[in-house]
Amino acid sequence: MNVKHFVDDKLLVFEITEDLDHHVTEKIRRRADYEIQRFMPKRVVLDFNRVVFMDSAGIGLVIGRYKTTCCYGGKLEMINVSSKIRKIFEMSGILKIIPIISNREAMGE
Amino acid sequence: MNKMIKNEMKLEFLSKSNNEGFARVVVACFASQIDPTIEEIADIKTAVSEAVTNAIIHAYPNGEGLVKIVSRLYDKEIEIEISDTGIGISDIEEAKVPMYTSKSGLERSGMGFTIMESFMDNLKVESIVGLGTKITMKKKINTKEVSLESSTYEIK
């Protein structure tokens with residue numbers, strides 16, 4: 001996972017670079033929570049561009065980061081979600097509280 | 001449907017979480033022999049990942065045990081059995097309820113069985129408390145007729 005921090009926009013972007021299953025999410029959640037607590041961003045964006053595979057562990061990961069982000073007064077969004085992964089998110093109903101936005105919106109346009 | 005077994009495989013590994021990726025890739029490679037679409041392969045990988053993760057997280061709370069996968073290929077169908085000899089499930093109906101999880105501290109979503117059910121055509125859960133759990137999943141493969149039009153092209 002790559003972390004990009006935009007100080008001026010109070011924006012934190014997590015670019016996830018591995019397949020999201022239970023084994024991997026354990027590591028990602030520790031790193032992501034650490035960064036969120038450190039920077040207390042207004043917006044956190046999860047970038048799924050390089051995620052080829054995801055199972056229900058991904059849902060747990062996103063809900064968990066939503067909680068941490070909210071704790072520190074920010075909001076969570078997702079970008080570059082493929083149709084395959086979107087199908088899994090739709091099943092869980094979390095898209096109602098955590099929106100998928102376009103790349104343009106993520107850049108603040 | 002032709003019920004002749006085309007091929008069969010058996011795989012056993014310790015219930016370590018780093019085996020999740022290994023297990024789903026093995027089953028996906030095996031399934032590729034009956035020419036599934038990319039979409040079907042992805043569905044199989046997700047369902048296998050859910051079942052294997054369940055076995056790894058829930059079956060052996062006091063250490064590690066073996067998780068076994070048996071897969072059979074038929075003409076246009078794949079059958080996958082994922083079993084463990086762990087603690088078993090006392091209430092299968094409750095375990096299948098979307099969002100239900102017995103391990104809420106682990107940040108699990110409780111969507112495992114729901115995803116297996118919707119990504120595969122058939123799901124059977126058998127469990128005896130203290131003896132183990134067996135999940136049997138089936139999926140029809142490559143049932144869509146390939147239209148001839150899609151493979152013709154114009155030569156300019």
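Select helix α2 (residues 56-71) of chain A and helix α3 (residues 83-92) of chain A. Their axes lie 10 Å apart and the two helices pack at an angle of about 65°. Axes here are lines fitted to C-alpha atoms, for helices over the stretch in contact, and angles run from 0 to 180 degrees between N-to-C directions. Helices are DSSP runs of H or I with at least four residues, strands are E runs of at least two, and both are numbered from the N terminus.

This is a predicted model: local features need pLDDT of at least 70, side-chain atom pairs count only at pLDDT 80 or more, and totals for chains, interfaces and linings use all residues. Residues are numbered from 1 along each chain as its sequence is written, while chains are lettered from A and ligands numbered from 1 in the order in which they are written.

The crossing of α2(A) with α3(A) is right-handed, meaning that the near helix is turned clockwise from the far one by less than a right angle.

Now show side chains. On α2(A), pick A:Ser56, A:Gly58 and A:Ile59; they meet A:Ile88, A:Phe89 and A:Ser92 of α3(A). Contact means C-beta atoms, placed from the backbone, within 7 Å. By class, this contact has three nonpolar, three polar and no charged residues. Ala, Val, Leu, Ile, Met, Phe, Trp, Tyr, Cys and Pro count as nonpolar, Asp, Glu, Lys and Arg as charged, and the others, Gly among them, as polar.

Next, select the contact between the chains. Chain A brings 17 residues and chain B brings 19. On the chain A side, α1 (22-39), α2 and α3 each supply at least two residues. α2(A) gives the most, with six. The chain A side divides into six nonpolar, six polar and five charged residues.

Move to chain B. Color by secondary structure: four helices and five strands, in the order β-α-α-β-β-α-α-β-β. The C-alpha trace of chain B spans about 65 × 30 × 30 Å along its principal axes. Of its 156 residues, 36% are buried (20 or more other C-beta atoms within 10 Å of the residue's own, with C-beta atoms placed from the backbone; 12 or fewer is exposed, in between partly exposed).

Finish on helix α2 (residues 38-59) of chain B. Its 22 residues reach 31 Å from first C-alpha to last, close to the expected 32 Å. The expected span is 1.5 Å times one less than the number of residues. In α2(B), 18 of the 22 residues are buried, so this helix is largely enclosed by the rest of the structure.

Definitions and conventions:
Contact = placed C-beta atoms within 7 Å.
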